[in-house]
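Okay, everyone, thanks for coming. Let me put the structure up, and then I'll talk through some ring pairs and a pocket.

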Amino acid sequence: AYSVFPADASSLISGSLCQSWEICPTAIYSQSHRILIWCFHLILEQNPRSMLPDVIDAFRLENPHVKGLETIFCSFYVFFAKLSNGVSLGFSALSLHFAGYATGLCFQSQSVTFTLKILVSAVPTGLIIIGLMIFRFYPITEDIRVRNELALQELRHSIHISSHSLKNMEDT
């Protein structure tokens, strides 16, 4: 999983494959960036997923008569996660196209190199900062979450008691 570059341009086979490869001297530097990006990706993907139950609980408390909407919330989460992945891949492909990326070449122009550097450094950093600002203003704090959890326990308990007393009335 190291970054590799072709040893020379004369090693092209059929105009698209490079025959001889050498390890890039910055492969370790590149590998550390990949690990850092992977960690940020996990954080940014797991935070919204872990917030989903809190949102569902808050909605359930505001609308106690509505039942079974967990699948809709989860489906919307998956849909928008897939949509954002598709948009980001399209944005990256379009950026590389405008930079002059050519498939099958071992060496790319400086504009492609610069575009790739921007796409893997400045863009993710900006999006992480925007995401952290959104998380900062998230309306469900820990106090609200605990209060919602207690209210849901009381609601479940009252439903259990009312269904139990209703069952006893039917038996008599």
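So, phenylalanine 59: its relative accessible area is 28%, so we call it partly exposed (buried means under 20% relative accessible area, exposed over 50%, partly exposed in between, with a 1.4 Å probe and protein chains only). Before I go on, this is a predicted model: local features need pLDDT of at least 70, side-chain atom pairs count only at pLDDT 80 or more, and totals for chains, interfaces and linings use all residues. Numbering runs from 1 along each chain as its sequence is written, and side-chain values use heavy atoms, with hydrogens and water left out.

Which ring does phenylalanine 59 pair with? The partner is phenylalanine 73: the ring centres are 5.3 Å apart and the planes sit at 65 degrees, so that's edge-to-face. For the cut-offs, rings of Phe, Tyr and Trp (its six-membered ring) pair if their centres lie within 6.5 Å; planes under 30 degrees apart are stacked, over 60 edge-to-face, and the rest tilted. Phenylalanine 59 is in helix α1 and phenylalanine 73 in helix α2, so the pair ties together parts 14 residues apart in sequence. Helices here are DSSP runs (H or I, at least four residues), numbered from the N terminus.

The structure has three aromatic pairs. Another one is phenylalanine 76 with phenylalanine 80, which is stacked, at 6.1 Å centre to centre and 15 degrees between the planes. These two are four residues apart in helix α2, so about one helical turn separates them. Phenylalanine 76 is partly exposed at 48%, and phenylalanine 80 is partly exposed too, at 45%. Ring pairs also bring in Phe79, giving a cluster of Phe76, Phe79 and Phe80.

On to the second largest pocket, at about 170 Å³. A pocket, on a 1 Å grid over the protein atoms alone, is an open set of points where a 1.4 Å probe fits, with protein on both sides within 12 Å along at least five of seven lines; lining residues have an atom within 4 Å of a point. The volume is the space filled by probe spheres set on the points.

What lines the second largest pocket? There are 14 residues, with Arg60, Pro64, Val66, Lys67 and Glu70 nearest the centre. α1 (27–62), α2 (70–99) and α4 (142–171) each supply at least two, and α4 gives the most, with four.

Last one: histidine 33, in helix α1, is partly exposed at 34%. Histidine 33 and valine 120 are 87 residues apart in sequence, yet 9.2 Å apart C-alpha to C-alpha.
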